[in-house]
Amino acid sequence: MNPMFTVYRKEMREMLRDKRVRSAMFVGPIFSVALMFMLFGLIFSSIGKATKTTVHAIIPKHDAATDGFIKALEKGGMKVEELPSVADAEAKIKKGDVRLALDFGEGMEAALGSNKPFKLPAYFDPSEQKAQIALGVIEKSMSAMNEVIVSKLFEEKQIDKAMLKPLSVERKEVKVGDTNTNEFLVQLLPYLIVIWAFYGAMSSASDMVAGEKERQTLETLLISPVARREVALGKLFALATASFLATASSIATIFVFYSLKLDFLKPLFEDGLGLNLTGVLVILVALVPTTMFFASALIAISSFARNTREAQTYLAQGSILVMLPAMFSQIIGFTDFAQSRVVYAIPILNAANVIRNALIGKYDTVGIAMTVGIGTVLALVAMAWSVRLFNRETILNRI
Amino acid sequence: MVRTDSLSKHFFDPKRGDVRAVEDATFEARPGQIVGLLGKNGAGKSTLLRMLSTVLTPSSGQAWVNDYDIVKEPTEVRRSIGFMSSSTALYGRMSPREILAYFGELYGLQGATLKSKVDDLISRLDIGSYADGLCDKLSTGQKQRVNIARTLIHDPQVLFFDEPTSGLDVVMSQDVMRFVEEERERGKTIIYCTHIMSEVERLCDHIICIHDGELKGQGSIEALKALTGENSLEKAFLNVVGYNREVMA
């Protein structure tokens, strides 16, 4: 049997028996993707229910205009509770008991009767998101009422109702990708998949060489007739497998959650899941060189470090370098950069962008080729670097 | 057979400058012989063994292990040697049987040959009762037995022992020494590094005293005693390395 495979098999066996590594390869990716689905599912389904939240109102005198508006709010799904005064409303907003309070005063009916505008004061804490959502619903209800009032006026003046909106945009969506995925998933999933490709391997990297130095087991390997290059590559491929398995775990979790068809996840999957078999294959092809690059760089760091502690310090710093382009992939859709091929020249970000595009069913062949090509070159350079470090005489006792 | 000719190892330490870890070491160890490498901590014993194991490249000089040149034929040298140190750990998440099979495969053993070799060592070193449990759960003594088995898996002609009894209790130390003696009887060439005089007196046929990287004297125990005029090996060693003179000065 090839000695490199012997080393690979031994490393895989040890990794799979290590709880920490199993957690980074399977539990972590599965849990984080699952948690993301659950949190976003809950958030999205609660946004739908936001109209059912309670708003407060100060109503000194009930009249037709006030009651009509309150009815419109209740029709929109809101519950309206009365408060005695503005001072009381402000105090309760400060305490967090009230999110938004409308002060109807006494002039609404009179103003509307004499065709004069009326401003309805709304008291709220601007840092409270739910208050902002409630304000949006109120403004929507008010806009519907405005339309009714203005169309009555237009009728009296014999003006065409269509002139209520003299200018408007007519949306004509052009379908670019084959499929659709929720916008939040498109932003978050590439980040999670790339991050787990790194963390899946990072958990065992420090142990693999620096740990062996510390325990002095590395010496027994170096004294064996196996070439150091084969030992280094055996370890490197094992680490790349760990990285790949972590990625596969996170992708598999996406499909599991999609197939569960849970009620609270419906808002997330109302456009379906953009990821199909082609998408998965594209993601895996783009990630192979990335995982090899991660594994090679991690082995090099572990070979350079004197002990596991030193290795972990370097690895923690290295993880920041991986996180930054991965994090940028979350907001790339808001920039013109997403359309530029330059993205595919930036390691890590290019893989994240290929994943992002695969989620919306877009396959840019040149971009995918650039990602795979640049990733392969980087992986080969990092591999050569790690083998070189492993071949150094000072690997056992760097001064 | 191990033979060295003016073997030296120098390296640069940013704090200490140019360090001469081993200087002009010339000696010979023959099959069926235990050669004791005697010296205090940091004397250069481990550096010398690491050069002979091809982990370190000599700065100058030559050496042959089992008639293979350590610089020109490192793979053949590594195939011929077994190395054991008390500080070498085992893979905690593997069983002794798995570790033996792993190293056996690295040394080119396969199939039935590998299995029979592993079974033989498990039986010979009395590892059977814990051969399939994880090494993390083993006692120090049990781990050391597995370490010995690992060293012997490919039946090497030359054995290097680097302070193999350090940290072991009296009973286990006796076991280790018994295995070393058994291997001598099998005609192996053995280099045994230690600073424990009683072990040297029991095991070694030939002694090399090393101090600050230089071989200060070598010969049989009796020859060293006669050379220094001392009646104990400890005093003879201190005399050879110049410790008495340093104290007097």
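How much space lies in the largest cavity? The largest cavity holds about 100 Å³ of space, where a cavity is, on a 1 Å grid over the protein atoms alone, a set of points at which a 1.4 Å probe fits but cannot get out, and where a volume is the space filled by probe spheres set on the grid points, these being joined across faces, edges and corners. This is a predicted model, in which local features need pLDDT of at least 70 and side-chain atom pairs count only at pLDDT 80 or more, while totals for chains, interfaces and linings use all residues. Residues are numbered from 1 along each chain as its sequence is written, chains are lettered from A and ligands numbered from 1 in the order in which they are written, and side-chain values use heavy atoms, with hydrogens and water left out.

A search of the whole structure finds five cavities of 30 Å³ or more. The largest cavity is lined by 15 residues, with Glu11(A), Glu14(A), Asp207(A), Met208(A) and Arg93(B) nearest its centre, a lining residue being one that has an atom within 4 Å of a point. Two or more residues of this lining come from each of α1 (3-16), α2 (19-49) and α7 (183-214) of chain A, and α7(A) provides the largest share, five residues; helices (H or I, at least four residues) and strands (E, at least two) are DSSP runs numbered from the N terminus. By class the lining of the largest cavity divides into three nonpolar, two polar and ten charged residues, with Ala, Val, Leu, Ile, Met, Phe, Trp, Tyr, Cys and Pro counted as nonpolar, Asp, Glu, Lys and Arg as charged, and the others, Gly among them, as polar.

The open spaces come next, a pocket being an open set of points with protein on both sides within 12 Å along at least five of seven lines. The largest pocket has a volume of about 740 Å³ and a lining of 33 residues, of which Asn397(A), Gly42(B), Ser46(B), Thr47(B) and Arg50(B) lie nearest its centre. In chain B, β1 (2-13), β2 (17-29), α1 (45-52) and β6 (81-85) each supply at least two lining residues, and α1(B) gives the most, with four. Seven nonpolar, 14 polar and twelve charged residues make up the lining of the largest pocket.

The second largest pocket contains about 390 Å³ of space, and its 20 lining residues include Leu112(A), Phe118(A), Met142(A), Asn146(A) and Ile149(A), which lie nearest its centre. Here α5 (108-113) and α6 (129-156) of chain A are the elements that give two or more residues, with α6(A) giving the most, nine. The lining of the second largest pocket has 15 nonpolar, two polar and three charged residues.

Helix α6 of chain A also holds Ser141(A), which counts as buried because its relative accessibility is 11%, buried meaning under 20% relative accessible area with a 1.4 Å probe and protein chains only. Beyond its neighbours within four places in sequence, Ser141(A) is in contact (heavy atoms within 4.5 Å) with Phe69(A), Ala72(A) and Leu73(A).

Chain A as a whole has 13 helices and four strands, and its C-alpha trace spans about 100 × 45 × 35 Å along its principal axes. Of its 399 residues, 48% count as buried.

Terms used. Buried means under 20% relative accessible area, exposed over 50%, partly exposed in between (1.4 Å probe, protein chains only).
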